[in-house]
Amino acid sequence: MKISINNGDSAVFTGYGHATLKLMSNLAKTKHSVVMNRPSDFEMTFSHPQNYVFLNPDSYKIGYTAWESTEIPEEWHEGLSKIDELWVPNQFTKDSLSKYTDKPIYVFKHGLDPVYEPKKRTYDGVLKFLHIGYPAVRKNLPDVINAFLELYKGREDVHLTIKAYENCEIPFIDEPNITVIAKTYTTSQMVDLLHSHHVMVYPSWGEGFGLIPLQALGTGMPAIVTDGWCDYSEYMPDLMIKSKLSYSPWLTYHPGRMFKPDFEHLKELMLYCENNITFLLERHFNLSKEIHEEWNWEKVVSEYFDGVEARLVV
């Protein structure tokens, strides 16, 4: 099967950019032929629908979109009308977008890069929490800070690191056990950051897939994650934050409803990790091999495109 991927995001530090890179590089390892931004019988464009690009008017047109809420912006409708089928990274997005198109929708999940290798962590008496993603508002940094301060303000044996984007504006935090990193990291630096912490705290209101927690899990790191949007929750069933599908606080960017995490339950899960950290580190290190085997990018891409070929190529 030959397919052109159009309009891929080259900003590899974003979810779209990272997924575009991994999709292209791993398709090149399969029997399928892939080109970028060239007319082809099969064209897939990976972006929000208002930015869909198709170069062959007679091609079979596939849109691939990640989304985080139950409604869509008005400008998406025209792009969705151009496609023959839609791909999305998780079941929640499929359920949400199904009311906006009569075209078939298929779940094409993202994968895990082997560079996020497992590390057997040790606990030396200082528990280190990590949050990644600010200033993306849905990732919910305020709940992370507030929960941490209510539980651990002034304690020297518990620490929180906030990894944010380069030069973003972060509310002033003057707490000796909170560190803010606001600069771009290489992939190897991100892996080192994950390896040097014990628990990921990720009370996001919604993710199109959720690469960051999966990468954390791949390193053997327990991850506290909001229930509702996550398609790999079987790896941390006791660490899923209770949530309620509620109207988004950011209707301009995320119209409709999203999964509002239960703040009190978030605190309970942070305490649970503190009280059971040795058990959780051992469990998640043991799970990490299975996670890499199941979610390996090459496996995910190869199996999915074999299925697409069987379905579309006569």
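Visitor: Is Tyr 64 buried or exposed?
Guide: Tyr 64 has a relative accessible area of 1%. Buried means under 20%, so Tyr 64 is buried. Keep in mind that this is a predicted model.

Visitor: And where does Tyr 64 sit in the chain?
Guide: Tyr 64 is in strand E4, residues 60-64. Its ring pairs with the ring of Phe 46, which lies in strand E3, residues 42-46.

Visitor: How are the rings of Phe 46 and Tyr 64 arranged?
Guide: A pair of aromatic rings is described by the distance of the centres and the angle of the planes. For Phe 46 and Tyr 64, the centres are 4.4 Å apart and the planes are at 20°. Planes under 30 degrees apart count as stacked, so this pair is stacked. Phe 46 is buried as well, with a relative accessible area of 3%.

Visitor: Which residues form the aromatic cluster?
Guide: Phe 46 and Tyr 64 belong to one aromatic cluster, together with Tyr 16, Trp 87, Phe 108, Tyr 304 and Phe 305.

Visitor: How many aromatic pairs are there in the whole structure?
Guide: A search finds 22. Another one is Trp 205 with Trp 250, which is edge-to-face, with 5.3 Å from centre to centre and 75° between the planes. Those two tryptophans are 45 residues apart: Trp 205 is in the loop between strand E10 and H6, and Trp 250 is in the loop between strands E13 and E14. Trp 205 counts as buried, at 9% relative accessibility.

Visitor: New topic! Which charged ends sit over rings?
Guide: The charged end of Arg 257 is over the ring of Tyr 247, 4.0 Å from its centre. Likewise, the charged end of Lys 163 is over the ring of Tyr 185, at 5.3 Å from the centre.

Visitor: What about helices H6 and H8, at what angle do they cross?
Guide: Roughly 120°, and their axes come within 8 Å. H6 covers residues 211-218 and H8 covers 277-295. The two helices are therefore oblique to each other.

Visitor: Which residues of H6 and H8 meet?
Guide: From H6, Leu 214, Leu 217 and Gly 218 meet His 284, Ser 288, Ile 291, His 292 and Trp 295 of H8. By class, that contact has 4 nonpolar, 4 polar and no charged residues.

Visitor: Last one: is Pro 237 buried or exposed?
Guide: Pro 237 counts as exposed, at 58% relative accessibility. You'll find Pro 237 in the loop between strands E11 and E12.

Notes: Residues numbered from 1 in each chain as written. Predicted model: local features only at pLDDT ≥ 70, side-chain atom pairs only at ≥ 80, totals over all residues. Heavy atoms only, no water. Axes fitted to C-alpha atoms, helices over the stretch in contact; angles between N-to-C directions. Helix = DSSP H or I, 4+ residues; strand = E, 2+ residues; numbered from the N terminus. Parallel < 35°, antiparallel > 145°, perpendicular 65-115°, else oblique. Contact = heavy atoms within 4.5 Å. Nonpolar A, V, L, I, M, F, W, Y, C, P; charged D, E, K, R; others polar. Phe/Tyr/Trp six-rings, centres within 6.5 Å; stacked < 30°, edge-to-face > 60°. Buried < 20%, exposed > 50% of the residue type's maximum accessible area, 1.4 Å probe, protein only. Lys NZ or Arg CZ within 6 Å of the ring centre and 35° of its normal.
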